[in-house]
Structures are given as C-alpha cells and as structure tokens.
Amino acid sequence: MKIDYNKHIWEGWTVQNFIDDLNFSFSYVKDTFKTRNELKEWCMSNQPYYKKYIKEVVEHFNIELKLK
C-alpha cells in the first residue's frame, strides 16, 4: 500500500500530521503490540481530535512492526 501522507483527514489535518503527533508516544509503546488490531486501537484512541480509524496512519506504524 502506498501511503498518501498529504491526504486530508479532518479540519486541515493530514495523515502526516496524525503520524507526527503519535510518533513520540509510539516509540515508547511499539514493543507492546502483538497484533495489527492492537495497533489500530491504540492509534484511534491516541489520535488528537479524530478518534476514527485512519488506515494510512496504522499502515505507517505497521511498516516498522510488520504485524498481521
């Protein structure tokens, strides 16, 4: 999947904005994820303002983890 980091998600926020916001926290918790669904749930609950699934955000972090 090719990720469009400039894709508009919500009120001026792009995929990259959400990734940037989560990146610091992710570095501390990344070793705790066992499944892609756990990663998805974490992303949704920790994203600012927008608590819905953003597949590009989850995929970005999953590239590093390679979860199924």
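Okay, so a polar contact here is a pair of N or O atoms within 3.5 Å, where one must be able to donate a hydrogen and the other to accept it. Keep that in mind, and keep in mind too that this is a predicted model.

Let's start with Asn62. You'll find Asn62 in helix H3, which covers residues 55-65. Its side chain reaches the backbone nitrogen of Leu67 at 2.8 Å, which falls within the 3.5 Å cut-off. Is Asn62 buried or exposed? Buried, because its relative accessibility is 7%. Leaving out residues up to four places away in sequence, Asn62 touches Arg36, Leu39 and Leu67.

Arg36 forms a salt bridge with Glu59, with the closest N and O atoms 2.9 Å apart. That pair links helix H3, where Glu59 sits, to helix H2, where Arg36 sits, 23 residues apart. Glu59 counts as buried at 17%, while Arg36 is partly exposed at 22%.

How many salt bridges are there by this rule? Three. Another one joins Glu56 and Lys7, with 2.8 Å between the closest N and O atoms. Here Glu56 is in helix H3 and Lys7 is in the segment before strand S1, 49 residues apart. Glu56 is buried at 6%, and Lys7 is partly exposed at 34%.

And then there's Glu64 with Lys30, again with the closest N and O atoms 2.8 Å apart. Glu64 lies in helix H3 and Lys30 in the loop between helix H1 and helix H2, so this pair ties together parts 34 residues apart in sequence. Glu64 is partly exposed at 46%, and Lys30 is partly exposed at 26%.

How values were computed
Residues numbered from 1 in each chain as written. Predicted model: local features only at pLDDT ≥ 70, side-chain atom pairs only at ≥ 80, totals over all residues. Heavy atoms only, no water. Helix = DSSP H or I, 4+ residues; strand = E, 2+ residues; numbered from the N terminus. Buried < 20%, exposed > 50% of the residue type's maximum accessible area, 1.4 Å probe, protein only. Contact = heavy atoms within 4.5 Å. Salt bridge = Lys/Arg side-chain N within 4 Å of Asp/Glu carboxyl O.
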